[in-house]
Amino acid sequence: MHHLELYVADLERSVAFWGWLLPELGYEVYQEWDEGISFRLGTAYLVFVQAPRPERGADRRGVGLNHLAFRVRDRADVDRLTDAVRARGCRVLYEDRHPLAGGPEHYALFCEDPDGLKVELVSAD
(Lines give C-alpha, C1' and ligand atoms only; values in the text may rest on other atoms or scores of the structure.)
Protein backbone atom coordinates (compact mmCIF):
# COMPACT_ATOMS: atom_id res chain seq x y z
CA MET A 1 0.00 0.00 0.00
CA HIS A 2 1.23 3.48 -0.79
CA HIS A 3 -1.40 5.45 1.14
CA LEU A 4 -5.01 5.43 2.25
CA GLU A 5 -7.07 8.61 2.56
CA LEU A 6 -10.07 8.80 4.86
CA TYR A 7 -12.53 11.68 5.02
CA VAL A 8 -13.70 12.33 8.57
CA ALA A 9 -16.67 14.17 10.08
CA ASP A 10 -14.63 16.10 12.64
CA LEU A 11 -10.89 16.34 12.08
CA GLU A 12 -10.10 17.43 15.63
CA ARG A 13 -12.02 14.48 17.09
CA SER A 14 -10.38 12.05 14.67
CA VAL A 15 -6.90 13.38 15.44
CA ALA A 16 -7.60 12.87 19.15
CA PHE A 17 -8.19 9.16 18.42
CA TRP A 18 -5.72 8.41 15.62
CA GLY A 19 -3.09 10.80 16.98
CA TRP A 20 -2.47 8.60 20.02
CA LEU A 21 -3.19 5.20 18.41
CA LEU A 22 -1.02 5.38 15.31
CA PRO A 23 2.16 6.39 17.21
CA GLU A 24 1.52 3.37 19.46
CA LEU A 25 1.74 1.29 16.27
CA GLY A 26 4.96 2.94 15.12
CA TYR A 27 3.52 5.65 12.85
CA GLU A 28 4.74 9.23 12.95
CA VAL A 29 3.13 12.47 11.83
CA TYR A 30 4.09 12.94 8.19
CA GLN A 31 2.16 15.98 6.91
CA GLU A 32 -0.18 18.53 8.50
CA TRP A 33 -2.36 21.22 6.92
CA ASP A 34 -5.54 23.06 7.90
CA GLU A 35 -7.91 20.40 6.58
CA GLY A 36 -5.90 17.26 7.30
CA ILE A 37 -3.05 15.24 8.72
CA SER A 38 -1.15 12.14 7.66
CA PHE A 39 0.79 9.52 9.58
CA ARG A 40 3.57 7.43 8.02
CA LEU A 41 5.10 4.05 8.76
CA GLY A 42 7.92 3.24 6.38
CA THR A 43 6.81 4.34 2.94
CA ALA A 44 3.07 3.87 3.52
CA TYR A 45 0.89 6.54 5.06
CA LEU A 46 -2.65 7.17 6.28
CA VAL A 47 -4.34 10.49 5.55
CA PHE A 48 -7.25 12.00 7.47
CA VAL A 49 -9.09 14.90 5.83
CA GLN A 50 -12.00 16.99 7.06
CA ALA A 51 -14.97 15.93 4.91
CA PRO A 52 -16.56 18.83 3.05
CA ARG A 53 -20.01 17.20 3.57
CA PRO A 54 -19.75 15.42 6.94
CA GLU A 55 -23.53 15.15 7.30
CA ARG A 56 -23.52 12.29 4.77
CA GLY A 57 -21.78 10.03 7.29
CA ALA A 58 -20.39 6.56 6.69
CA ASP A 59 -21.75 3.06 7.08
CA ARG A 60 -19.22 0.25 7.39
CA ARG A 61 -21.96 -2.28 6.62
CA GLY A 62 -22.68 -0.66 3.26
CA VAL A 63 -20.58 -0.67 0.14
CA GLY A 64 -17.02 0.50 0.78
CA LEU A 65 -14.44 0.17 3.50
CA ASN A 66 -15.46 -2.06 6.41
CA HIS A 67 -12.43 -1.80 8.68
CA LEU A 68 -8.72 -1.23 9.04
CA ALA A 69 -6.62 -3.99 10.62
CA PHE A 70 -3.19 -3.43 12.13
CA ARG A 71 -0.74 -6.00 13.43
CA VAL A 72 0.67 -5.49 16.93
CA ARG A 73 3.62 -7.36 18.44
CA ASP A 74 1.86 -9.63 20.88
CA ARG A 75 -1.11 -10.31 23.11
CA ALA A 76 0.22 -7.96 25.77
CA ASP A 77 -0.02 -5.12 23.23
CA VAL A 78 -3.63 -6.07 22.49
CA ASP A 79 -4.42 -6.01 26.21
CA ARG A 80 -2.59 -2.71 26.81
CA LEU A 81 -4.28 -1.03 23.85
CA THR A 82 -7.67 -2.38 24.91
CA ASP A 83 -7.20 -0.70 28.30
CA ALA A 84 -6.18 2.54 26.56
CA VAL A 85 -9.20 2.46 24.24
CA ARG A 86 -11.54 1.94 27.17
CA ALA A 87 -9.85 4.70 29.20
CA ARG A 88 -10.46 7.09 26.29
CA GLY A 89 -14.16 6.21 26.27
CA CYS A 90 -14.02 4.54 22.86
CA ARG A 91 -16.30 1.65 22.03
CA VAL A 92 -14.86 -1.88 22.18
CA LEU A 93 -16.78 -4.05 19.74
CA TYR A 94 -17.86 -7.64 20.44
CA GLU A 95 -17.19 -7.09 24.13
CA ASP A 96 -18.80 -10.42 25.04
CA ARG A 97 -16.24 -12.30 22.89
CA HIS A 98 -13.21 -10.04 23.38
CA PRO A 99 -10.32 -10.74 22.71
CA LEU A 100 -11.26 -13.84 20.69
CA ALA A 101 -14.07 -12.35 18.61
CA GLY A 102 -12.19 -13.29 15.43
CA GLY A 103 -11.93 -16.94 16.48
CA PRO A 104 -9.96 -19.04 19.00
CA GLU A 105 -6.60 -18.41 17.28
CA HIS A 106 -7.20 -14.71 16.53
CA TYR A 107 -6.31 -12.56 19.56
CA ALA A 108 -7.42 -9.05 18.73
CA LEU A 109 -9.11 -5.84 19.76
CA PHE A 110 -12.00 -4.59 17.65
CA CYS A 111 -13.03 -1.01 18.37
CA GLU A 112 -14.48 2.04 16.61
CA ASP A 113 -12.94 5.34 15.68
CA PRO A 114 -15.01 8.52 16.23
CA ASP A 115 -16.81 8.08 12.88
CA GLY A 116 -17.74 4.45 13.57
CA LEU A 117 -15.01 2.93 11.40
CA LYS A 118 -14.06 -0.47 12.77
CA VAL A 119 -10.42 -0.74 13.79
CA GLU A 120 -8.80 -4.12 14.45
CA LEU A 121 -5.55 -4.58 16.35
CA VAL A 122 -4.42 -8.18 16.00
CA SER A 123 -1.59 -9.94 17.79
CA ALA A 124 1.22 -11.25 15.59
CA ASP A 125 1.84 -14.17 17.97
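Let's start with a definition: two strands pair if DSSP finds at least two bridges between them. Strands themselves are DSSP runs of E with at least two residues, helices are runs of H or I with at least four residues, and both are numbered from the N terminus.

Hi everyone! What you see above is a predicted model, where local features need pLDDT of at least 70, side-chain atom pairs count only at pLDDT 80 or more, and totals for chains, interfaces and linings use all residues. Residues are numbered from 1 along each chain as its sequence is written, and side-chain values use heavy atoms, with hydrogens and water left out.

Let's take the sheet with three strands. In which order do its strands lie? The order is S5-S7-S6, in an open sheet with mixed pairing. At the edges you find S5 (67–72) and S6 (108–112), each pairing on one side only. Now look at S5 and S7, which is residues 118–123: these two pair in the parallel sense, over six bridges. Neighbouring strands here are turned by 20° against each other on average, direction ignored. A word on angles: axes are lines fitted to C-alpha atoms, for helices over the stretch in contact, and angles run from 0 to 180 degrees between N-to-C directions.

Next comes the other sheet. This one is open too, with four strands in the order S1-S4-S3-S2 and mixed pairing. Its edge strands are S1 (3–8) and S2, and each pairs on one side only. From one strand to the next, the twist averages 20°.

Two hairpins sit here. S2 (residues 28–33) and S3 (residues 36–41) run antiparallel and are joined by five bridges, with a hairpin of two residues leading from S2 to S3. Along this pair, Glu32 has Ile37 as its bridge partner in S3, and Val29 stands opposite Phe39 in S3. S3 then pairs with S4, again antiparallel, through six bridges. Leu41 has Ala44 as its bridge partner in S4. Two residues lie between S3 and S4 in their hairpin, and Gly42 in that turn has a positive phi of about 65°.

Now the helices. Contact, by the way, means heavy atoms within 4.5 Å. As for H2 (residues 75–87), this helix lies across S5, S6 and S7 and runs at about 25° to S6.

H1 and H2 pack together as well, at an angle of about 170° and with axes 12 Å apart. H1 and H2 are therefore roughly antiparallel to each other. For the cut-offs, angles under 35 degrees count as roughly parallel, over 145 as roughly antiparallel, 65 to 115 as roughly perpendicular and the rest as oblique. From H1, the contact uses Trp20, Leu21 and Glu24, while H2 brings Arg80, Leu81, Ala84 and Val85. By class, that is five nonpolar, no polar and two charged residues. Here Ala, Val, Leu, Ile, Met, Phe, Trp, Tyr, Cys and Pro count as nonpolar, Asp, Glu, Lys and Arg as charged, and the others, Gly among them, as polar.

On to the loop between H2 and S6. Pro99 lies in this loop, and the peptide bond from His98 to Pro99 is cis, with omega near 5°.

Last stop: a pocket. Which element gives the largest share of the lining of the second largest pocket? That is S5, with five residues. The lining divides into 11 nonpolar, no polar and five charged residues.
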